[in-house]
Amino acid sequence: MEQSLKLYWQGELEHWISKSCYACTSHKTFVPQLASIEHHQAHIHCICAQREAQKGDNPSPDTPDLHHVIGKSQIFPEDIGTFMQKNLDDPAVNMSLLA
């Protein structure tokens, strides 16, 4: 008895969902329009489920310290002139002087 009552209410809910969507149709050829509305709702549901699943997999860091690592290397800037004078015997520095 309980199973049949559950199936009845499930069918009744589906019936009311289609009735509420009927107002969004042109009332002519409403069957394909209802199918389209149901398809769009299912697609929106899938998109929302994917977004919820991705919330835990957020690869971007939340703290600015982890996000801006380039700024930490600029705390101790080095003057390019003194760097080149100290490293005159380095082939990379000599190559940049020739170019």
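Reply: What follows is an account of that loop and its surroundings in a predicted model.

The loop lies between α1, which covers residues 2-22, and α2, which covers residues 30-55. Two of its residues, Ala-23 and Thr-25, are treated here in turn.

Thr-25 has a relative accessibility of 8% and therefore counts as buried, the cut-off being under 20%. Its side chain takes part in polar contacts with the backbone on either side. A polar atom of the Thr-25 side chain lies 2.7 Å from the backbone oxygen of Tyr-22. The side chain of Thr-25 also reaches the backbone nitrogen of His-27, at 3.3 Å. When residues up to four places away in sequence are left aside, Thr-25 touches Phe-30, Gln-33, Leu-34 and Ile-37.

Ala-23 presents another picture. With a relative accessible area of 60%, Ala-23 lies over the 50% limit and is therefore exposed. Ala-23 and Leu-34 are separated by eleven residues in sequence, and their C-alpha atoms are 9.9 Å apart in space. Leu-34 is also one of the residues that Thr-25 touches.

Tyr-22 and Phe-30 link this region to an aromatic contact. A search of the whole structure finds one aromatic pair. It is formed by the rings of Tyr-22 and Phe-30, whose centres are 5.2 Å apart and whose planes stand at 85°, so the pair is edge-to-face. The angle decides the description, because planes over 60 degrees apart count as edge-to-face. Both partners are partly exposed: the relative accessible area is 31% for Tyr-22, and Phe-30 has a relative accessibility of 35%.

Together with Val-31, Tyr-22 and Phe-30 form a nonpolar patch with about 260 Å² of accessible area. Val-31 is placed in helix α2 and is exposed, with a relative accessible area of 57%.

Methods
Residues numbered from 1 in each chain as written. Predicted model: local features only at pLDDT ≥ 70, side-chain atom pairs only at ≥ 80, totals over all residues. Heavy atoms only, no water. Phe/Tyr/Trp six-rings, centres within 6.5 Å; stacked < 30°, edge-to-face > 60°. Buried < 20%, exposed > 50% of the residue type's maximum accessible area, 1.4 Å probe, protein only. Helix = DSSP H or I, 4+ residues; strand = E, 2+ residues; numbered from the N terminus. Polar contact = N/O pair within 3.5 Å; in protein donor to acceptor, adjacent residues only side chain to side chain. Contact = heavy atoms within 4.5 Å. Patch = residues over 30% accessible without salt bridge, like charges linked within 9 Å, V, L, I, M, F, W, Y side chains within 5 Å. Areas by Shrake-Rupley, 256 points an atom, 1.4 Å probe, with all protein chains shown as cover. Salt bridge = Lys/Arg side-chain N within 4 Å of Asp/Glu carboxyl O.
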